Amino acid sequence: MCAILTPDFFQYGCVGVISPAIECKLVDVPDAGYFATNTPQQGEILIRGPAVTTGYFKREDVTKETFTEDGWLKTGDIGQWNADGTLSLIDRKKNLVKLAGGEYIAIEKLESTYKACDLVSNICVIADSDAKQPMAVVFPHEANLKGALGSGGDLSELLKDSKAKKTVLDAANQTGKKAGFSQMELLQTVLLVGEELPMTAAQKLERKKVEEKFQDEIKKVYP
């Protein structure tokens, strides 16, 4: 156990305060703009202490990749220290993707923002190192999309309409611009699908399954 959300610190959006058996620090992730010198402090979460495993069973190669020489476990989570001393998880290091221009983008961060778009019910952002911008597989909000298009047609027909695609793309990118996204974080294109995206039992997006399921359609429009 790394952090505990005690009653004294109860709130949404954080994992609580660090357990007494754990040392925790944030390490810079320069490519993504996460620095321990940021306000608030941000970076990859590293932990060590008697409550932390000493390595992987019979997997020295993975152990060496995961642990520093002085015993810190690299969690792969991007964290943020809050003003009250609690810790929040804001990203995953493995979800940082390098684009053609050499810049990194945090696709989970993009998804959380684009989900706020009224025309988006669910979204999976995909980035390719040969592209200058990401794209997204979008399960649109049917009622809102019909309202935006002024159409009462069947959703399956609307998904084939280029106007519907442009409407969703423009609306999503407008949401991104309001959030202060740079040009490289805006969507290059979208693929509209008429079914809910694969999710885990914990309601987390199964990104790999989305990419595999729609790989043929994605290749036609991206990069």
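**Close-up views of a predicted model**

**View 1. The whole protein and its accessible surface.** The protein exposes about 12,600 Å², of which carbon and sulfur atoms supply 50%; accessible areas come from the Shrake-Rupley method with a 1.4 Å probe, and for residues only the protein chains shown count as cover. This is a predicted model, in which local features need pLDDT of at least 70 and side-chain atom pairs count only at pLDDT 80 or more, while totals for chains, interfaces and linings use all residues. Residues are numbered from 1 along each chain as its sequence is written, and side-chain values use heavy atoms, with hydrogens and water left out. Taken along the principal axes, the C-alpha atoms fill a box of roughly 60 × 40 × 35 Å. The protein has seven helices and eleven strands, which are DSSP runs numbered from the N terminus (helices H or I, at least four residues; strands E, at least two). Of its 223 residues, 39% count as buried, where buried means under 20% relative accessible area, exposed over 50%, and partly exposed in between (1.4 Å probe, protein chains only). Among the contacts with a separation of 6 or more, 53% are accounted for by residues 24 or more positions apart, a contact being heavy atoms within 4.5 Å.

**View 2. The buried side of helix α2.** Helix α2 spans residues 107-114, and within this helix I107, L110, E111, T113 and Y114 are buried. These residues lie on the same side of α2 because they cover an arc of only 165 degrees around the axis, the arc being that of the directions from the helix axis to the C-beta atoms. An α-helix has 3.6 residues a turn, so residues three or four places apart point the same way. The cover over the buried residues of α2 includes the strands β7 (96-98), β8 (104-106) and β9 (120-126), together with the helices α5 (162-178) and α6 (207-213).

**View 3. K109, a partly exposed residue of α2.** K109 also lies in helix α2, and this lysine counts as partly exposed because its relative accessibility is 35%. Leaving aside residues up to four places away in sequence, K109 touches Y34, D91, F181 and E185. K109 and K25 are 84 residues apart in sequence, and their C-alpha atoms are 21 Å apart in space.

**View 4. T175 in helix α5.** T175 is found in helix α5 and is buried, with a relative accessible area of 17%. When residues up to four places away in sequence are not counted, T175 touches T113, A116 and C117; of these, T113 is one of the buried residues of α2.
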